[in-house]
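Biologist: I would like to learn how to read backbone features and chain contacts from a model, one feature at a time. Could we begin with the loops?

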Amino acid sequence: MRRIQSWREGLTVAAFLAPALALIGLFTVAPGIWAVVQSFTDRALVGRNAANVQFIGLDNYAQLAGDPDFSASLVRTVVFVLLSAIVGQTILGFLTAYLLATRPRWRLRFSPLFAAIFLLPLAVPEAVAALAWASIANGTEQGFLNRMTGAFGAEPVQWLQEHAMATIIVVNIWRGIPFAMVLFSAALEGISREVLEMSLVDGATAWQQFRRIILGILRPQILLFLMLTTITTFGIFGLVYFLTRGGPGDATTLIGIYIYLQGFKFFEIGFGSAAATVMLVILLTLGVYYVRLMREQA
Amino acid sequence: MEGSSIRRLLAPAMVALVIASCGGGSSGSPQPGGGAASGAAATEGPATPGESGGGAATQGAPGEAVELTILDHQAPRLDFLKEVLPAFEEEMASQGKNITVKLLEGPATEFETKLTLDFSSDNAPDITSNGLGSVADWAPSGFLLDLTPYLEQWPDYEGHFYETLREEATQADGKVYSVPREATIQQLYYRKDVLDENGISTEQPTSWQDLLDRSVEATEAIGKPGLLFPAGSAWGGGTFGEGFIHLMLGTDDQLYDPENGKWIVRSPGLTRVLQYYEEMTTAEVLPVEALLNPEPWVPTKYQAFVKGELAITTCGTWCWIFDWGESAEPSRQIPDIFNKVATWEFPTADGPETFVSGSTGWVWMISATTEHPDEAFELVKWLASGEAMAKNAVKIGAASPRDDLADVAPYSEKPFLADAEQSLEGARLFQSPEGTDKMIQVVGAATEEVITGRMTGEEAADMLAEEATQLLGADMVKEAP
């Protein structure tokens, strides 16, 4: 990386950056700041407060701290992120990429075909994916999953009722594997073939090669994926909302759904903004942590 | 040279970006108010119809083209509007008025959310329709046009609309912001054929215990939960309006004190209602699993009741047509419905008195920011009269909110609707005041705690009092002495 040499060069750089910065500023930073400001008010979309917004200091945060539904949704979200994104997507995405990658003494036949199949979930829009899974996990005998389990004599199961959390975890893993696979495949392609061949010549077993060389080299990419998937999964809304609407009861009310309900079902914009601000702080902390880890690796 | 090329390349892109940013807000839904009228217009209202409403609205000169926008949702309601709106335009044309109406189709779900966002961003259609309950929250927010002066000059309103419904429509500030579109009579609907087959009495239950005993019998006979009172958060407003309130009206206590405008968040009656949910749960007559479904009405009313696997449910006049009749999807229709389904009135807690719940269903509302208040009211008036209202009532399965439709076709061809209308005068009703949306949320949560066995009725009553106080504010609640 070199420094900018002249004001002309600086202007050119600024011109290239300006559209992106303007869009991010308008549609990400400004609404974010607005939400933080609103979190200190009693703004509501309906009722008396709608016309007479008051600054109420930290009242919304105090109310959040005492709201068992909020803390429960946070715990649920952490479990969901841990199992579906950090464990599920990362491990399965990595394994898929590893199996599909060509390396010394390993070449999977028809790997382009498998790659295309594994990529399909990424091509399906979120709402369509949710509807497809609603059909797959349908609790009647006609549901796809129940037909499969029924072939072995099992009784129909209300997947989205009796095992709602487990079901959305599986769906999110399914949805996230393709992106993980693409990212890890690109990273695996970047590993020098000579390095892998030399390790085999030196007598490393496949496991030792995987653990000591491949995992070691790919650590920055793994951290990058972990950061991206943690952030996107923490704030997940559409896929889960379309499938369960946070139910049954509040069994799948993750933090994103909790915020939506406060803001757009109960129209408590101030309170919902406070919850969103808490989520923003958590995600920023996680982001900073991952970035520091990546820098250490670099 | 290189720099100037880049500048030449970037210039149009930057201009396009700026234009896009500035113009973005004006696309999308129509903006009848043009952002000129503020929410205050609702409280000021038009001094007299025909003058400028709230100082912000303007009206078209005679013959000037006016396009009104009307937003509605749900297929039968949209079908109805598609059918009748051309007739309104023709009638206006015959009077020398050039009024056209643009029908906007709202989403089947989250309609209220969309509408609230439209209102709060001054982006609402001229006319819309929703349950009367939403008026209590939208009127104080300044979203709705005060229709009082218009209604004072419309003889039909006082002359033909039922007094109970007119009282219900009058808000806490003494003004009226809506015109009834339909009336609903809610009762208990039961599968007469199923109870008869199993030798279970179809006599009117006269107390909650009587109803519970009957439901236990039905549950044992069918092998599946036999009674449906909507409960839990997933049913949204239905838990309150189609379940909880019918029990509350069967106690000696009130949920809201109109004298001082406070919700009564703790009372013996309220505790008893939640205890009754506990009794229904313990007796295993409630379909708890289905009630926790994201769309709980589907496995219960649309599937189990249709198959005869659910014997008794709360419902309203709309069920005859909209849920299980001619407007329903074929899979939801109950053939020969009038021989298979019958109704009971709601029992009171200790009996023997029974009652039906009667109230305004959906209403017509006009946005406070409309540029054409007179024309908008003209359309509302037309929709709430004669053949248009008769067609709407039949399409939805509603009783008429006015007393002069009995001979108007096609309403006159549906005697069961006219019969339901007859019971409006003696019906019990709960007038939804401001804060109803929050009480709906609290009741949903409290009933869910009970039906999932996480709380007893008494514990849920404590929770309800605490959460309602927190959500509504201490100044809007009180406890019964």
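Modeller: In this predicted model, Arg245(A) sits in the loop that runs between helix H13 (238-244) and helix H14 (255-265) of chain A, and although Arg245(A) is not a glycine, its phi is positive, at about 55 degrees.

Biologist: Is Arg245(A) buried or exposed?

Modeller: The general idea is to count neighbours, and a residue is called buried if 20 or more other C-beta atoms lie within 10 Å of its own. Arg245(A) has 20 other C-beta atoms within 10 Å, and is therefore buried.

Biologist: Which residue lies in the loop between H14 and helix H15 (269-297) of chain A, and what is its phi?

Modeller: That residue is Phe267(A), which is not a glycine and yet has a positive phi of about 60 degrees. Phe267(A) counts as buried because it has 25 C-beta neighbours inside 10 Å.

Biologist: How should I read a helix, and which residues of helix H4 (residues 111-120) of chain B are buried?

Modeller: An α-helix has 3.6 residues a turn, so residues three or four places apart point the same way. In H4 of chain B, the buried residues are Glu112(B), Leu115(B), Thr116(B), Asp118(B), Phe119(B) and Ser120(B), and the buried residues of H4(B) pack against strand E3 (127-131) and helix H5 (135-138) of chain B. After H4(B) comes Asp122(B), with a positive phi near 50 degrees.

Biologist: How many residues of chain B are in contact with chain A, and which helices supply them?

Modeller: For an interface, one asks how many residues take part and where they come from. In this model, 27 residues of chain B are in contact with 23 residues of chain A. On the side of chain B that touches chain A, helix H1 (2-23), H4, H5 and helix H20 (436-451) of chain B each supply at least two residues, and the largest share, six residues, comes from H1(B). By class, that side of chain B has nine nonpolar, twelve polar and six charged residues.

How values were computed:
Residues numbered from 1 in each chain as written. Chains lettered and ligands numbered in written order. Predicted model: local features only at pLDDT ≥ 70, side-chain atom pairs only at ≥ 80, totals over all residues. Helix = DSSP H or I, 4+ residues; strand = E, 2+ residues; numbered from the N terminus. Buried ≥ 20, exposed ≤ 12 C-beta atoms within 10 Å, placed from the backbone. Contact = placed C-beta atoms within 7 Å. Nonpolar A, V, L, I, M, F, W, Y, C, P; charged D, E, K, R; others polar.
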